[in-house]
Amino acid sequence: MPVYAIEGDASGSETPVVSERDGLANYQAVQDAIDAIPDDLSRFTDDSVAELNAAVEVVDWNLDASQQDTVDDYADAIDSATRGLTWI
C-alpha cells in the first residue's frame, strides 16, 4: 500500500494535494473528509463552523507512518464536525 503526504501543488494553490512519499502517514481520509465539507458554510451557525475549522486547522500534515492513528483521528474529527454542522 502506498504511503501519502500532503504537498502544495505547482499552481501555488493552498489546497493540499495528496502525493506518494515513503515514510509519511496516509492522509487520504483527511483529504476526503475535507473534500466532503459543504462549499457554503454561511448556512450554518458560527459555533458549528468554528468547531469544523478547528478540526481542520489542527491537522499536522507531516506525521510519519508510525502516527497513522493520529492522522485517522484527524479525519474522524473532521467528519464528526461536518456531521455536526447546525443549520441557522
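Of the contacts in the protein with a separation of 6 or more, 56% are between residues 24 or more positions apart. The model in which these contacts occur is predicted. It contains three helices and two strands, arranged along the sequence in the pattern β-β-α-α-α. Of the 88 residues in the protein, 30% are buried. The accessible surface amounts to about 5500 Å², and carbon and sulfur atoms account for 47% of this area.

Nonpolar side chains tend to be buried together in soluble globular proteins. In the present model, the largest nonpolar core has 18 residues. The members that touch the most other members are Tyr27, Val30, Leu52, Val59, Val71 and Ile78. Two or more residues of this core are given by each of α1 (28–35), α2 (46–57) and α3 (68–83). The most is given by α3, with five residues.

In helix α1, the buried residues are Val30, Gln31 and Ala33. Viewed down the axis of α1, these residues fall within an arc of 160° and therefore line one face of the helix. Val30 is also among the core residues that touch the most other members.

Helix α2 consists of 12 residues. The distance from its first C-alpha to its last is 16 Å, close to the 16 Å expected at 1.5 Å a residue. Ser48, Val49, Leu52 and Ala55 are the buried residues of α2. Because they fall within an arc of 120° when seen down the helix axis, they line one face of α2. Exposed residues on the other side of this helix are Asp46, Asp47 and Glu57. The cover over the buried residues of α2 includes α3.

Within α2, Ser48 has a relative accessibility of 6% and counts as buried, the cut-off being under 20%. When residues up to four places away in sequence are left out, Ser48 touches Gly84, Leu85 and Thr86.

Helix α3 has 16 residues and reaches 23 Å from its first C-alpha to its last. This span is close to the 22 Å expected at 1.5 Å a residue. Its buried residues are Val71, Tyr74, Ala75, Ile78, Ala81 and Thr82. They cover an arc of only 130° around the axis, which puts them on the same side of α3. Asp69 and Arg83, on the other side of α3, are exposed. The buried residues of α3 are covered by elements including α1 and α2. Two of these buried residues, Val71 and Ile78, also belong to the group of core residues with the most contacts to other members.

Pro38, in the loop between α1 and α2, is partly exposed at 22% relative accessibility. With residues up to four places away in sequence not counted, Pro38 touches Arg43, Phe44, Thr82 and Leu85. Thr82 is one of the buried residues of α3. Pro38 and Leu85 are 47 residues apart along the chain, and their C-alpha atoms are separated by 9.7 Å.

The partners are 43 residues apart and link distant parts of the chain, Phe44 lying in the loop between α1 and α2 and Trp87 in the segment after α3. Phe44 is buried, at 6% relative accessible area, whereas Trp87 is exposed, at 55%. Phe44 is also among the residues touched by Pro38.

In the loop between α2 and α3 lies Trp61. Its relative accessibility is 19%, and Trp61 therefore counts as buried, since the cut-off is under 20%.

Notes
Residues numbered from 1 in each chain as written. Predicted model: local features only at pLDDT ≥ 70, side-chain atom pairs only at ≥ 80, totals over all residues. Heavy atoms only, no water. Core = buried A, V, L, I, M, F, W, Y, C linked by side-chain atoms within 4.5 Å. Buried < 20%, exposed > 50% of the residue type's maximum accessible area, 1.4 Å probe, protein only. Helix = DSSP H or I, 4+ residues; strand = E, 2+ residues; numbered from the N terminus. Expected span 1.5 Å × (residues − 1). Arc of directions from axis to C-beta. Contact = heavy atoms within 4.5 Å. Areas by Shrake-Rupley, 256 points an atom, 1.4 Å probe, with all protein chains shown as cover.
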